[in-house]
Amino acid sequence: MAIEHNGIAGPYFEYDGLPALHAVDKDLPLLHPYAPVTPGRYVTPGGGRLTIRPAEMRAHIRITLDHLGCPAQLTDEKNAAFKRLALAAEGYCVQSGCRHRAAYAEGVFRIFEVRNGSIALAAFVRAALAVELGDFAPADRLVQEVEALAGPVRREGEGDRGSGG
């Protein structure tokens, strides 16, 4: 059923009780937090669109999360947790000699890059889904793991902000 949506151009469609989706996203599979994680495009339990694909830097996987501006996903707490998740991935890159900044863009369209062989893809995606639903513990655990291995990761306000891609 098509519905009206204020803001981004529509039409938008209802999807299994989640926030309205754009017409091009209405046939995407729903990603269950404990299902196998494979490259592809999904609808998340919080109504976002998650894409997993190889990154331009061959040693990385790019994960994008788009919420079409849903205010529930743009809180300061969630932005900070998503930033910690990006910094955890960056910590493994630094430990491996890869010197790029955390691939992260705050807000509506979040971009992450995870080095192959560092954080398990399923663990990273599950942490992102947990943040989306308001549980910050999995992201904090990933930060603690990388800090135990490679030392402190940058904190908010330290150095340059993460790149948008």
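Keep in mind as you look around that the model is predicted.

**Stop 1: a pair of helices.** Select residues 76–95, which form helix 1, and then residues 121–132, which form helix 2. Their axes lie 9 Å apart, at an angle of about 170°. Angles over 145 degrees count as roughly antiparallel, and helix 1 and helix 2 are therefore roughly antiparallel to each other.

**Stop 2: where the pair touches.** Show the side chains of K78, A81, F82, L85 and A89 on helix 1, then those of F124, A127, A128, V131 and E132 on helix 2; these residues make the contact. What classes of residue do you find in the contact of helix 1 with helix 2? Eight are nonpolar and two are charged, with no polar residues.

**Stop 3: helix 3.** Move on to residues 137–150, the 14 residues of helix 3.

**Stop 4: two sides of helix 3.** Colour P138, A139, L142, V143 and V146, which are buried. These residues cover an arc of only 145° around the axis, which puts them on the same side of helix 3. Now turn to the other side of helix 3, where Q144 and A148 are exposed. What covers the buried residues of helix 3? The cover includes helix 1 and helix 2, the pair from your first stop.

**Last stop: just past helix 3.** Select G151, which follows helix 3 and has a positive phi, near 95°.

Note on methods
Residues numbered from 1 in each chain as written. Predicted model: local features only at pLDDT ≥ 70, side-chain atom pairs only at ≥ 80, totals over all residues. Heavy atoms only, no water. Axes fitted to C-alpha atoms, helices over the stretch in contact; angles between N-to-C directions. Helix = DSSP H or I, 4+ residues; strand = E, 2+ residues; numbered from the N terminus. Parallel < 35°, antiparallel > 145°, perpendicular 65-115°, else oblique. Contact = heavy atoms within 4.5 Å. Nonpolar A, V, L, I, M, F, W, Y, C, P; charged D, E, K, R; others polar. Expected span 1.5 Å × (residues − 1). Buried < 20%, exposed > 50% of the residue type's maximum accessible area, 1.4 Å probe, protein only. Arc of directions from axis to C-beta.
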